[in-house]
Amino acid sequence: MRIATWNVNSIRARLERVLAFLERSSTDVLAIQETKCKAEQFPAEAFAEAGYKACASGLNQWNGVAIVSRVGLEKPAESFPNCPTFKDQLEPRALFATCNGIRVGSLYVPHGRALDDPHYTYKLAWLRALKEYASTLTAAGEQVALMGDWNVAPRDSDVWDMAVFENSTHVSAPEREAFAAFEGEAHLVEVSRERVEGYTYWDYRRLRFPKNEGMRIDWMFATPALDKTVSHVEIDRDERKGKGASDHVPLIVDFDL
C-alpha cells in the first residue's frame with residue numbers, strides 16, 4: 001500500500017496537480033495539509049471521480065487537513081483529546097481515519113512564529129498533547145501512521161544553513177525534544193529518515209528552490225510493526241517544479257502488507 005503526505009498550500013489552487021500526482025504515482029492514501037478551505041468547500045467530488053473517498057477538516061482560509069483514500073476510509077475523526085486551542089479556537093490541524101486497517105493521521109503542526117511568541121508555546125503544547133494521544137493508540141495495539149507537515153527540523157542537516165535559523169523556530173531544542181518524544185515515549189518510528197535524503201520544503205522567496213536552500217519538515221511516524229514492512233520511500237522533488245507548485249513536495253512511503 002502506498003501512502004503519501006503533502007502540504008499542498010491550498011487544495012483549490014492545486015487540485016489538478018494533486019489529482020495528476022495521484023494518478024501518476026498510484027498513491028492509495030494521501031494525507032493533505034494546508035487545504036485552506038472549509039470542510040464543505042473541499043473538492044470531494046473531484047476525488048470521488050478519481051476513485052477516492054475523502055474526509056476533510058477546515059474552518060476558513062487558514063490551516064485545514066484532509067485524507068483521501070481508495071483503500072477504505074473509516075471512522076474519520078477531527079483533532080484529538082486535550083488538543084490545545086489558540087486564541088480560544090480549536091484549529092483544524094489534525095484529522096484521523098482508518099485506511100485498510102491503518103489509523104492514518106494527517107497533521108499540520110503549528111508553526112511557532114518566533115521563540116517569544118505565544119504561538120511557540122502553543123506549538124509545544126500541541127505536540128505534547130498529540131504525543132499523549134499517539135501513546136494511547138499504540139498502547140491499544142493499533143497500527144498507526146502519523147504524517148504531515150511537522151514544522152520541525154530535528155537535525156542541523158535538515159536545513160540548508162543553521163546560521164540562518166539561529167534563535168528561530170523549527171530548530172530549537174524544545175521543538176526537537178518534542179519531536180523525538182514520538183519515538184522515545186510514544187514508541188513510534190520515523191520511517192523516512194534512514195531511507196531517503198533530501199528536503200521537502202523550499203520557500204517561494206529568494207530563489208530558494210533553484211539554490212536548493214530547503215528544509216526537511218515533512219515526516220511520517222509509524223508503529224514498529226509497520227516500519228518493518230516499508231519497502232520504498234521517496235521525496236517527489238519534481239512536484240516543486242513548474243507553474244503553480246506548492247512550496248512543499250510529497251513524501252511517499254510503500255508498505256508491503
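Which element gives the largest share of the lining of the second largest pocket? That would be α4, with four residues. What you have here is a predicted model, where local features need pLDDT of at least 70, side-chain atom pairs count only at pLDDT 80 or more, and totals for chains, interfaces and linings use all residues. Residues are numbered from 1 along each chain as its sequence is written, and side-chain values use heavy atoms, leaving out hydrogens and water.

**The annotated domain**
- UniProt, in an unreviewed entry, puts "domain: Endonuclease/exonuclease/phosphatase" on residues 4-248; such annotations may be inferred rather than shown by experiment.
- Over residues 4-248, the chain is 22% helix and 23% strand, taking helices (H or I, at least four residues) and strands (E, at least two) as DSSP runs numbered from the N terminus.
- The end C-alpha atoms of that stretch sit 13 Å apart.

**The largest pocket and the active site**
- A pocket here is an open set of points on a 1 Å grid over the protein atoms alone, where a 1.4 Å probe fits, with protein on both sides within 12 Å along at least five of seven lines; lining residues have an atom within 4 Å of a point.
- The largest pocket holds about 820 Å³ of space, a volume being the space filled by probe spheres set on the points.
- Its lining counts 33 residues, with His-111, Asn-151, His-170, Tyr-201 and Asp-203 nearest the centre.
- That lining splits into nine nonpolar, 11 polar and 13 charged residues (Ala, Val, Leu, Ile, Met, Phe, Trp, Tyr, Cys and Pro count as nonpolar, Asp, Glu, Lys and Arg as charged, and the others, Gly among them, as polar).
- For "active site", the unreviewed UniProt entry lists Tyr-108, Asp-149 and His-248.
- They span 141 residues in sequence, yet no two of their C-alpha atoms are more than 12.4 Å apart, so they gather at one spot.
- Tyr-108, Asp-149 and His-248 are included in the lining of the largest pocket, and Tyr-108 belongs to strand β7 (residues 102-108).

**The second largest pocket**
- This one has about 200 Å³ of space.
- Among its lining residues are Arg-176, Phe-179, Trp-219 and Phe-221.
- At least two lining residues each come from α4, β9 (189-190) and β10 (218-222).
- By class, the lining has six nonpolar, no polar and six charged residues.
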